[in-house]
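Reader: Can you walk me through this one? I have some quick questions.
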Amino acid sequence: MSIDENKTKAASAKGPDVCPTKRNQLDLATVKEQIADTTGPEYWRSLEELAGTEEFQEMMHREFPKGASEWLDDFSRRGFLKTMGASLALAGLTGCTRMPDTEIVPYVKQPENVIPGRPKFYATAFTLGGYASPILVESHMFRPTKVEGNPEHPASLGGTDIYAQASILDLYDPDRAKDITYLGDVRSWPAFMEAVKGPMSVETRMAGSGVRILTQGVTSPTLASQIKSYLDANPQAKWHVWEPVNRDNVYEGAKLAFGEAVETRYDFSKADVIVSLDADFLYAGFPGSTRYTRDFAARRNPDGNMNRLYVIESTPSSTGMKADHRWPMRAGEIEGYARTLAAGIGTGFAAGTAGFNNPAGGATKFDKTVATDLSGHRGSSIVIAGDHQPPSVHAIAHAMNQALGNVGQTVFYSEPVDANPVKRGESLNALVDDMRSGKVDLLLILGGNPAYDAPAELDFASALKSNAVETKVYLGTHRNETAELCQWHVPEAHYLESWSDARAYDGTATIIQPLIEPLYGGKTAHEIVTILAGQPGLTGHDLVQQYWQKQHTGADFDAFWRKSLHDGWIEGTQHAPKTVALKSASFSATQSMPASGFELNFRRDPSIYDGRFANNGWLQELPKPLTKLTWDNPIMIGPAMAERLKLNFKDVAELEFNGKKVKGAIWIQAGHPDNSITVFLGYGRTRAGRIGTDTGFDVYPLRTSQAPWFGDGAKLTAVGGIYQLASTQGYQTMETPVGERPLVMERSLEEYKKEPNFAKEEEPAKDLTLYKPQEFPYEKEAYSWGMAIDLNSCVGCNNCIVACQSENNIAVVGKEQTLKGRHMHWLRVDAYYNGPRDNPKGFFQPVPCMQCENAPCELVCPVQATIHSSEGLNDMVYNRCVGTRYCSNNCPYKVRRFNFLLFQDWETPQFKLMRNPDVTIRSRGVMEKCTYCVQRISEHRIDTETASVREGKEIRIGEELQTACQQSCPANAIVFGNLNDPNSQVNKWKALPRNYSMLAELNTRPRTTYLAEIRNPNPELQSGLQSKTEALVPEAELQAERT
Amino acid sequence: MATQTQIPAPDRRVPVIAPGHTFSTITDKISNIVLKRPISLGWIFGFLIVFSMMNVLMMCLGYLFVKGTGIWGINIPIGWGFAIVNFVWWIGIGHAGTLISAILALLRQTWRNSINRFAEAMTLFAVACAGIFPLVHTGRPWLAYWLFPYPNTMNYWPNFRSPLVWDVFAVSTYLTISLVFWFIGLIPDLATLRDRAENPLLQKIYGLFAMGWRGSARHWHRYESAYLLLAGLATPLVLSVHTVVSFDFAVGIVPGWHTTIFPPYFVAGAIYSGFAMVLCLAIPIRSIYGLKDFITERHLETSAKVMLATGLIVAYGYFMEGFMGWYSGSQFDSFLLWNRFHGPYKWCYLGLLASNILIPQVLWLKKFRVSTGWLWLISFVVLVGMWLERFIIVIVSLSRDFVNSSFGMYYPTKWDWMTFAGTIGMFLTFMWLFVRVLPMISVFELRMLLPEAHVHENAAEEVKP
Amino acid sequence: MQIFPRSANAIARASLVLTVVVVGGLLSGLMLLERTPYITNAGIRKAQPVPFSHQHHVTGLGIDCRYCHTSVETSSFAGIPPTKTCMNCHAQIWTNAAYLEPVRESFRSGRSLEWTRVNQLPNFVYFNHSIHINKGVGCNTCHGPIDQMPLVYQYASLQMEFCLDCHRNTEKYIRPREQVFNMRYQPPSNDLMGVHEVAFNGKTYSDQESLGKALHEQYNVRSVKDITSCNTCHR
Amino acid sequence: MSMTTSRDVTVYESPIEGSPSYGMMAEFDSAEELMAAAHKTHDAGYQKLDAYSPFPIEGLAEAIGFHKNRVSLVVLIGGMIGGISALALQYWVAVITYPTNVGGRPYFSWPSFIIITFELTILFGGLSAVIGMLGLNGLPMPYHPVFNVPAFAKATENKFFLVVFSSDPNYDAARTKAFLASLSPRMVAEVPS
């Protein structure tokens, strides 16, 4: 595999702009030499052999301290002499740095249809909470390097979510468990099978009464059927399911409404009016969010039939920021509102008992108008309830959708996608009871991390630690909190290493195929269960194929199998909509109305979900959509409340709930409901790995099955002191004391209709220059590249950031450096708030390099390291850069990023495998920035040029060329293309009246322009939002001075 | 005959140097400092201090090369920190010398004869300190030679549109010219030292650098025209250097940088700080080495007046910035103004106004101009103020530019401070050595200040029989 | 008093001149060094596990480049033949030549031959074989008389100026695509040595000038300022 | 050597009999006297003579018949070379050898090129002034016959000297010595070469 020239580029490290490889130490280059000569599976066997060797162990377990930033200060690791050596070696004239000889290692027998140096794509699926995100994975010579959405698949249509994008980093995570261990000692796979065979045989005699299987949410038909068949054989055995971020409320709500658990699925493309009751359906983690975002965004076109979104929410979310009308409301009050609303549209409901506090002045006014709006759009509206709202709210939502005749139009019901839709809380509860009462002899924990994230009152960890359970087997990718408490830990294979299958939110099944042999010989749940079923030796591939063989009715299974693999989904597996009848019309209120104290909300973390991604540097450093915080979870409260409690940003406060206490840092979030606190799950891990351990604070101790999502009676007290929170955004309002800056242009729909080109700023005339205006005839070129970003579609999902990071080998710098303002994201999504601080309007603005035609950065670079290409790209030549940072100073958009220290990890071999071989890896002291993914442009150009020469006719690059951000965008908010092609999408967009360039008055003439944001507020309710009474707290100032 | 020999010095005001001096007394007094005066404990002690400070600098640079510029407080948006602030500050200080020796020479300001020598020395050392920063502030200093146009295998060249390249040429030119200017001035005095030194080694050393100067009339003739031409060339040069430095900012589009007033007010500021530094050095030196006869109160007072004048120009500069902020109507500029008075760095700006504009106004009063204590204090305050000015221009402007989301803050690290202190150490180290090994006042130019140095036109006839 | 001897004058002046000479010499020395094989590796043969002779295989046996370098027309990377390719023939001929033992060993054991890379570019340069081949840049334009090389060495300096020289005057170098793999190809010439014509598209050309133009037309080679833009080679 | 207290001239014998003499040196106390003496000597028809003083004296060079010096010409040429080559280099780089699109600025962005042109003009001009001056003065010349006269050490402090070179057609050791002595110098000495 190492004959790929390009890859050696990425992997090896030499030449002026790179850091030296350790010659003395075994690095990947050497590993390759030793293993490259074998092909396919053999290759990896030899890796395992190699893994035995001492220096390989040393390399794999090379100590590097927690927290990316600290790597950089660790002298022992990036040794003084070595770095000096670098400087010296590079100190000569460039030409004078001699290149050491390197090897080229060809195959012995070249595998079929492999062209060295050309990537291939394979379809597979990433799962979160069981739900599959269908994806295509780019593979460079058998190394998966990039995740893309699967354009064919109804659940993706080319879009992805941040978790899928970042999962590639998990595959190469050097902290992954590498050996099967028994009480910490390394064991072999056969040894493990031996060890469990004993207890198994006993159990099978007792019909498996002592066997418990604990899984996460499972949608894999194969795995489900495996487990089920085992349970059929051993009726006494039990299958428990636990997901900390679960959809119990959804299924319970459905039961409440229809008497059976059904999956609810929405079609936002047909919805004119949408009412979200605390549902963040536009952000990753909400099943179907990718598809929902696509459909929702498509309906935000102000020139078409634009939809209207009402959001009533207890925690500011990106969905709320996109709303036309948004009301912050304590979670507990939302049911009351829902009832009133339901009453309003005549579902025979009694209006909400206790009056919820109502920002828009007068309950009557605002819920009546919403009700009228809904009733006005029968069959073309959606009422959607959030996962963390109690079942009754879901039931009410169902009732409303029924009453509005949306069912079958915009709302569909179907079989649960989850293979075992038991109530997670209860299921785990039952298991813990059994464990304590000694009923459990063999516990198989297949994935998940219950020891960390189980409800506090169950105290799962202690139950697991106690010897009540004889044999505890944990299958997991990391040696985490749970693994520590089980005797057996079997490394779990990453999904990119395994055969399996999974269902998307609509039930469509995808076959998960491996792109690489397990790096550390990981095993899948399938393989573990085969041992139970007494059929060891069956590979995941066999199992999956056998299962679908059974399902497949038609002839020619091979064709079916190959097609399914190729397409990434299996024909006709989508769950058919089923009709369900509403049982009753009134549901007892579950939540009592707010009592004393504050309301406490638990939310999944926008970046690291329930904590499972804690060791993923990309996600840790991904600015959370609203706060732009990285590496930490705050205690989030509203401005008014902060004022009353005299709390300020970064103040350390103690949070008390159910008698348990935790300490955390305060973040004041504009638009957060009053008397309410939000905390985020997933932080404070104790055994996450070198990245994730000891970041933020753990709130699981406060979380019980009684109040999994919110509860009353929380206390918040300042304990003094400050804890630094690393936010990547300086200033979260466009307001300045001397007026608002025209960064994001926004109008209401009717204002837009009156004055469509309101956003245009007049650019200075072209000949307004000291020079004889010299035109660079871009229009005469075959291509001139440009980009347009539709602020109306953008939902701030952060996908583009992670996609860009993955595509362009962007480094993770760690909290310390982020605090200093040195994060490296080439593309950032700015979040601005405008208007009253208690309920402001929110704006998202993705900012890549503007590729200005009159680029201020180029003018000042002393060495011409950044200059214009003939096609209007603002090229950045890393190997020419001497690092004066002048360009960044002179960039009005501040999109340039600088390697202040050696941010790239040059030594961890896994990362060398992961990197995109087509993009130079930047060394210390080099400026970098967005280049419109010029590597993709080049490759497409070379292919088309070659083709045109061969076929003797001109072939041009078309819309198939997409930048990484554009490709991953679920909202289709980014369009990139050829400005010289009159039919290109980007030209169409730039022709729109609401197209404008940021800071046009500076005459930089950006190639990246924006489509202004248009809101569609209900004319009856204008007052609620349009008022710009009191400006926001300039957050940056507060943060700035508080260090 | 006696009557005609009473030819008054061309300058009819108070004589520049105290009366009662002859060629030999002047020569003795100054050359003895170098040749005869024993090295005092104080000198050694002071030297140890400043020398160790200089080594701090070396340490900082070593660590910088190993780790990268990340050891400083810089970030995005504030890509330039102390390095550039110090660079501009030192370059500014480096203006007094050449100004005094060149411009005042052209203006026939004979009083400059007693201070030009060490003012020039100071210039050299200041520029040397300044020169360090443009090199080491780069991310990859070992490639900084790419800023020079040399025949390279890449067929690729510097960007002559970039102010940084202009800097390279301007600063290196300034350094070279100042150096030769200073050296030319030294030649006759080196000859004096050569002829007065007893130690044969010293004789050889001084003799080597004196290049065999023997005071021939022909030589003096060429010497003077060369000196005059150099002065003529150095005058536009000294004005251009800080103009070019100001282009680093004026060419940029950052609010607070992008302004046409920078060149004049940078130059004025440079002279301002330059004279402040001259006074800070002259006042102690003249008392320590008993040179009050040569560096008289008149020198101090005149320098004080120059400071006052340039200070007012600088004040005008600040005022115009403010005015344009308001008058331009550009909201970015008016926010800049607001930010300076109310932003997180407001104390720097207020401090700047105080120390550069308010306090120096006392120089209107003679009392302060002639009291060495006060004068030294004020000069020091001005030096601080001018450093703050560069801090405001470089850092505060960058911290709040166009896009609100990218506002940032700059917190200097210990390395920032140590590097700054280190350059001061280096500067003083050079100064320390200079006063011991070279005549810190131009001897032959002082001789010319004596009445008997001026030959009566018709002297020839006088002695005819 | 006289401090220096008479000779001092001569010495003084000489030393000044010398300083200038030495400094100048050093600088220009560096410039030259940059261009020597010591730095560029041009013309340096590197030890290989098997003394493979292109001369023998190409000139002697007339094997086409693409027989071994299979992906040269389709990929950035020309491709290094797997041992299998060698064995295609060497299973029959020279089956017990000692110096071929490594090849047979490799085939038996499945362990790759490890060749030493000869033409090596810095890792920030993205060279793509396919586009050059398809636009009519001959193998030996960069690789030199490879068909004459018993042991392969790097022909050109492969420094930026070398690449630029061609990217700035492509018409001086390109040839008809069917001639790309022709190691004996002579560009058209018309001089004292006589007329040498090259046929292309039914026309014959006797000077590279006009041939180059015609090829430019045909292969629509991008303009100089296009292919001297940085991102052509650097990303 | 014998010194006298009074102002009457001390006359030294040439140190070594018959050794080739470089010239005859007279020492004076003041610039005035030197100036006068210089005038007289020149009027007396001596062409090859030189005067030495611890500081430049206005008109002294003219007095010994030295009028024009070419330093300024050298500077002019140097400056022009500097300026032209600077502009040429920038033009060649920006327009001819590798024209690049830098922020949409024209290839020949002459306003930007002024600065370096100016700087190099100054640099070359300044350097040629120094080199020109030293070169024309024939410096460095650590060894020079005049240094052989011990009293000449004062030439860089407070004494003034006049030397008539032996290369002068009218030079005659005895007569010249007498003539110089007539100018009431502090002393007259023969300068051994």
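This is a predicted model: local features need pLDDT of at least 70, side-chain atom pairs count only at pLDDT 80 or more; totals for chains, interfaces and linings use all residues.

Reader: At what angle do α4 and α15 of chain B cross?
Author: Roughly 135°, with the axes of α4(B) (residues 82–93) and α15(B) (residues 372–399) coming within 9 Å. Helices are DSSP runs (H or I, at least four residues), numbered from the N terminus. Axes are lines fitted to C-alpha atoms over the stretch in contact, with angles from 0 to 180 degrees between N-to-C directions.

Reader: Which residues of α4(B) meet α15(B)?
Author: Among them are Phe82(B), Val85(B) and Trp89(B). On α15(B), the partners include Leu383(B), Trp387(B) and Arg390(B). Contact means heavy atoms within 4.5 Å.

Reader: New topic. How many residues of chain C are in contact with chain A?
Author: 54 residues of chain C, against 61 of chain A. The two chains bury about 5400 Å² between them, 52% of it on carbon and sulfur atoms. Buried area is the accessible area (1.4 Å probe) lost on being put together, summed over both parts.

Reader: Which residues in chain C lose the most area to chain A?
Author: Arg117(C), Asn123(C) and Arg235(C), together 16% of what that side buries.

Reader: And what are the domains of chain D?
Author: Domain 1 is 20–67 + 144–192, and domain 2 is 71–136. Such bounds come from an automatic or database domain assignment. The domain centres, taken over C-alpha atoms, are 45 Å apart.

Definitions and conventions. Residues are numbered from 1 along each chain as its sequence is written. Chains are lettered from A and ligands numbered from 1 in the order in which they are written. Side-chain values use heavy atoms; hydrogens and water are left out. Helices (H or I, at least four residues) and strands (E, at least two) are DSSP runs, numbered from the N terminus.
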